Amino acid sequence: MHEVQELLQSVPAVSVYLLVGVVIGLESLGIPLPGEIVLVSSALLASQHGEIDPLILGACASTGAIVGDSIGYAIGRKGGKPLLVWLGRKFPKHFGPHHVATAERAFERWGMWAVFFGRFVALLRIFAGPLAGVLRMPYWKFLIANVLGGIVWAGGTTAVIYYVGIVAEAWLKRFSWLGLVLAVLFGIGSTLVMRRRARKADAERAAAEAADGTAAEAQPAGSAARGD
């Protein structure tokens, strides 16, 4: 994620918008790409640099998600089951039989809601569009879930990370001042404690010396009284 952040910092704001839209669109189409990492990094960067508008960023991310899923749906509807078999051979880590079976069970159980909630799950986010087409989900159901899921996931993620970044930056600034104040107070407190302990030690030593002197003076007087 750190490498992604450095890449985003090195390009203009327009390129960030395009990169986010394209990467998320390709991921939604069915190509395994780190769409969520790119989106989170971009939203965090927007909270630190005024050049990147979070509204435009969220709109680009939502558009990429919706368009990518729609293209994936069309490809899946045309390619059918053979497409999943081909993807399984090309990308066994993401489209292996186990992953496909898991996604199919989710679609059978939740229907169009699997498309909506699939946005928030890395595995289903890649599968949602193509698998909905392969399983012949009615397009109007897919479209509703796709648009709502794309807006809520992309726009919501952008908003949450953006405001968390602003709050975190402000907190860190306050913390730096708080840390300085605490360091000064700790230094003053340590000095006072050490001085107090030193004074107490001096008083105890003086008292001990006075007690020894009194005892030494009392001993000869006692010896004289016994006639030594």
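Let me start with a pair of helices. Helix 2 and helix 3 are roughly antiparallel to each other, a label for angles over 145 degrees, where under 35 is roughly parallel, 65 to 115 roughly perpendicular and the rest oblique. By class, their contact has six nonpolar, two polar and two charged residues. Here Ala, Val, Leu, Ile, Met, Phe, Trp, Tyr, Cys and Pro count as nonpolar, Asp, Glu, Lys and Arg as charged, and the others, Gly among them, as polar.

A word on the source. This is a predicted model, in which local features need pLDDT of at least 70 and side-chain atom pairs count only at pLDDT 80 or more, while totals for chains, interfaces and linings use all residues. Residues are numbered from 1 along each chain as its sequence is written, and side-chain values use heavy atoms, with hydrogens and water left out.

Back to that pair. Helix 2 covers residues 13–29 and helix 3 covers residues 35–48. They pack at an angle of about 155°, with their axes 8 Å apart. Axes here are lines fitted to C-alpha atoms, for helices over the stretch in contact, and angles run from 0 to 180 degrees between N-to-C directions. The crossing of the two is left-handed: the near helix is turned anticlockwise from the far one by less than a right angle, whereas clockwise would be right-handed.

Who meets whom? From helix 2 come Val16, Val20, Val23, Ile24 and Glu27. From helix 3 come Gly35, Glu36, Val38, Leu39 and Ser42. Contact means heavy atoms within 4.5 Å.

Now the whole protein. How many helices and strands does the protein have? Nine helices and zero strands. Helices are DSSP runs of H or I with at least four residues, strands are runs of E with at least two, and both are numbered from the N terminus. Of the 228 residues in the protein, 33% are buried. Buried is under 20% relative accessible area, exposed is over 50%, and partly exposed is in between, with a 1.4 Å probe and protein chains only. Take the contacts with a separation of 6 or more: residues 24 or more positions apart account for 77% of them.

Next, the cores. A nonpolar core is a set of buried Ala, Val, Leu, Ile, Met, Phe, Trp, Tyr and Cys residues joined through side-chain atoms within 4.5 Å. The largest has 18 residues. Which of them touch the most other members? Phe107, Val115, Ala132, Met137 and Phe142. Two or more residues each come from helix 4 (54–90), helix 6 (97–110), helix 7 (112–118), helix 8 (122–134) and helix 9 (139–225). Helix 8 gives the largest share, six residues.

Look at alanine 132. Setting aside residues up to four places away in sequence, alanine 132 touches Tyr73, Phe107, Val115, Phe127, Met137 and Phe142. There is also a second, separate core of 17 residues. Its members include Val20, Val38, Leu39 and Ala43.

Arginine 136 sits between helix 8 and helix 9. Its phi is near 60°, a positive value in a residue other than glycine. Buried or exposed? Arginine 136 is exposed, at 52% relative accessible area.

Last, some positions in the helices. Glycine 155 is in helix 9. Glycine 155 is partly exposed, at 26%. Its C-alpha is 4.7 Å from that of glycine 58, 97 residues apart along the chain. Beyond its neighbours within four places, glycine 155 is in contact with Ser62 and Gly150.

Glycine 156 is in helix 9. Glycine 156 is partly exposed, at 27%. Glycine 156 and glycine 58 are 98 residues apart in sequence, with 8.0 Å from C-alpha to C-alpha.

Valine 147 is in helix 9. It counts as partly exposed, at 27% relative accessibility. Between the C-alpha atoms of valine 147 and threonine 63 there are 8.8 Å, with 84 residues along the chain.

Finally, helix 4. Glycine 79 lies there. Glycine 79 is partly exposed, at 30%. The C-alpha atoms of glycine 79 and proline 130 are 8.9 Å apart, and the two are 51 residues apart along the chain.
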